[in-house]
Amino acid sequence: MSLAFIPLYIKYLGIESYGLIGLFAILQAWLVLLDMGMTPALGREIARFNGGANDAQYVRNLLRSIEIVVLCIAILIAIGIWLASDWLASDWLKSEKLPTEVVAQAFVIMGIVTALRFIEGIYHACVIGLQRQVQFNIINSSTATLRAIGAIIVLIWISPTIIAFFIWQGIVSIITLTLMASTTYYNLPTSDYRSHFSLNILKNVWRFAGSMTGITLLALLLTQTDKIILTKSLTLTEYGYYAIASTVAGALYMLVMPINQAWFPKLNELHARNNNIDFIEKYHQGSQLISVIMGSLAIILAIFSENIIFIWTQNKEFTQHTSTLVSILTLGNLLNGLMWIPYQAQLAYGWTHLAIWINIIAVLIIVPSIILITPHYGAEGAAWVWVALNIGYVLVGIHFMHLKILQTEKWHWYKYDVIFPLGIGAIIAILIKCITPIEHISFPLQILFIGLTSCVIFISASLAAPSIRRQILSLPWIKTLKIRT
């Protein structure tokens with residue numbers, strides 16, 4: 001929903017105001033650090049409860065302890081951003097059209113909304129850890145729809161301003177927080193005793209939580225440094241285009257997140273049960289599912305970015321400013337997405353050291369590269385650094401991971417989980433691109449062409465992935481068709 005309505009946001013707010021929305025995303029990303037790894041630790045402990053590793057009272061006390069800590073941090077977040085709002089508006093950003101006072105007010109509201117979403121994160125972790133995927137997705141999709149469509153209604157009929165936009169985001173965040181908290185407590189295992197704050201329980205998870213904080217910090221340095229530098233070196237309008245390209249390429253994560261949310265608790269449960277055979281099967285199944293679903297969209301988006309963006313916006317200037325960036329960032333995001341299931345496997349084993357050390361080395365190389373490249377090559381230079389980083393993850397990170405865990409599965413991952421489905425899909429897309437003059441056909445036919453090409457690539461990638469192919473061939477109607485044939 002947030003992606004679908006970007007052209008309308010730009011129409012009613014302007015590209016400069018959309019730059020502030022991009023900054024809002026950066027703000028939320030960095031403030032996750034203040035969580036200190038408690039939310040992923042909470043999700044992991046609840047998932048381990050499903051595998052029989054924890055009791056109900058332990059889980060409830062852990063949740064209450066983290067709730068209290070997170071609430072205090074959220075209040076500090078809102079106050080801190082309010083105190084810094086004038087400086088951020090006047091000394092950091094390069095606003096050309098928006099008054100400084102308006103930008104400062106927007107930051108104040110951003111702080112409140114960010115604090116609400118910060119609290120919301122602990123209940124996200126609980127619902128996912130309890131493996132209530134359907135309930136989570138119903139709430140998430142409903143509130144996303146309300147957030148996006150409601151914002152358009154506010155901009156059209158109430159006030160076409162960035163302040164009104166963020167106020168509406170705050171209202172929806174309150175609704176989302178209420179629903180997620182209610183769902184968590186409804187599904188939480190019952191206990192004979194009241195839950196209470198426990199410092200000892202927090203100490204039990206501090207090692208894993210601390211490692212997660214380190215990983216998050218390093219990941220943010222690697223993924224957000226370019227954006228921070230660009231907010232300072234580009235005008236708010238130029239940064240707005242980069243923010244839009246990042247959002248479009250980031251749509252890939254909308255496909256990988258549900259897979260990640262379903263597989264993480266399951267991998268933890270299987271590891272807690274010492275069920276290595278099913279663990280390996282789920283590991284490859286999840287990896288192939290990401291290659292097929294995320295990879296199919298990434299191939300289409302990277303190769304046909306100019307056509308897709310123009311179909312979407314009907315704006316040549318917008319397309320010119322964003323299409324190349326979208327292609328580069330899409331490639332980087334695809335490579336990054338391939339690492340998600342291997343990373344979840346490491347967390348299921350409780351092994352965080354590899355991610356920390358690889359990210360430390362990457363930070364020492366990539367951050368100076370971004371600082372040197374961005375002033376000369378701008379947004380595209382930063383995007384290529386992101387691609388280079390993720391090539392390193394896929395080539396180096398996977399190798400070292402399989403030296404310690406799942407030692408016999410490395411080449412299976414490369415060959416069957418990645419190369420086969422992505423290679424087949426990419427070859428087909430390139431051939432279609434070369435032989436079809438899509439620019440010269442009518443607008444409705446362009447939409448049909450992109451749709452049919454996407455279906456062909458998706459089906460081809462699915463059949464090239466062994467685990468997915470077996471799932472398809474085991475469908476009842478497929479079996480019936482084979483028998484009749």
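Biologist: What share of the 485 residues in the protein chain is made up of buried residues?

Modeller: Buried residues make up 54% of the 485 residues. The model is a predicted one. Its protein chain has 20 helices and 0 strands.

Biologist: What part of the contacts in the protein chain, counted between residues at least 6 apart in sequence, joins residues at least 24 apart?

Modeller: The share is 84%. A contact requires heavy atoms within 4.5 Å.

Biologist: Why is Thr-176 called buried?

Modeller: Thr-176 has a relative accessibility of 1%. Buried means under 20%, and therefore Thr-176 counts as buried. This residue lies in helix H7, which covers residues 162-187. When residues up to four places away in sequence are not counted, Thr-176 touches Glu-120, Thr-143 and Arg-147.

Biologist: How do you know whether Ser-460 is buried or exposed?

Modeller: The relative accessible area of Ser-460 is 18%. The limit for buried is under 20%, so Ser-460 is buried. Ser-460 is found in helix H18, residues 443-464. Apart from neighbours within four places in sequence, Ser-460 is in contact with Ile-424 and Ile-428.

Biologist: Why is Asn-140 called partly exposed?

Modeller: Asn-140 has a relative accessibility of 31%. Buried is under 20% and exposed is over 50%; Asn-140 falls in between and therefore counts as partly exposed. Its place is in helix H6, residues 133-157. The C-alpha atoms of Asn-140 and Met-180 are separated by 9.0 Å, and these two residues are 40 residues apart along the chain.

Biologist: Which classes of exposure do Cys-434 and Cys-455 belong to?

Modeller: Cys-434 has 64% relative accessibility and counts as exposed, because the limit is over 50%. Cys-455, with a relative accessible area of 45%, is partly exposed.

Biologist: How many disulfides are counted?

Modeller: The count is 0. A disulfide would need a pair of cysteine sulfur atoms within 2.5 Å.

Biologist: What is noted about the phi values of Asn-274 and Leu-406?

Modeller: Phi of Asn-274 is near 60°, a positive value in a residue other than glycine. Leu-406 also has a positive phi, of about 50°, although it is not a glycine. Asn-274 is found in the loop between helix H11 (252-272) and H12, and Leu-406 lies in the loop between helix H16 (353-404) and helix H17 (410-435).

Biologist: Are these two residues, Asn-274 and Leu-406, buried or exposed?

Modeller: Asn-274 has 70% relative accessibility, over the 50% limit, and therefore counts as exposed. Leu-406 has 6%, under the 20% limit, and therefore counts as buried.

Biologist: How does one find where empty space is left?

Modeller: A probe the size of a water molecule is rolled over the atoms, and this shows where empty space is left.

Biologist: How many cavities of 30 Å³ or more are counted, and what lines the largest cavity?

Modeller: The count is 1. The largest cavity has a volume of about 30 Å³. Its lining includes Ser-287, Trp-413 and Asp-417. H12, helix H14 (316-338) and H17 are the elements that give two or more residues to this lining. By class, the lining has 5 nonpolar, 3 polar and 1 charged residues.

Biologist: What is the volume of the second largest pocket, and which residues lie nearest its centre?

Modeller: The volume of the second largest pocket is about 310 Å³. Of its 13 lining residues, Leu-297, Ile-300, Leu-301, Ile-308 and Ile-450 lie nearest the centre. H13 supplies the largest share of the lining, 4 residues. The lining divides into 12 nonpolar, 1 polar and no charged residues.

Technical notes
Residues are numbered from 1 along each chain as its sequence is written. This is a predicted model: local features need pLDDT of at least 70, side-chain atom pairs count only at pLDDT 80 or more; totals for chains, interfaces and linings use all residues. Side-chain values use heavy atoms; hydrogens and water are left out. Buried means under 20% relative accessible area, exposed over 50%, partly exposed in between (1.4 Å probe, protein chains only). On a 1 Å grid over the protein atoms alone, a cavity is a set of points where a 1.4 Å probe fits but cannot get out, and a pocket is an open set with protein on both sides within 12 Å along at least five of seven lines; lining residues have an atom within 4 Å of a point. Grid points are joined across faces, edges and corners, and a volume is the space filled by probe spheres set on the points. Ala, Val, Leu, Ile, Met, Phe, Trp, Tyr, Cys and Pro count as nonpolar, Asp, Glu, Lys and Arg as charged, and the others, Gly among them, as polar.
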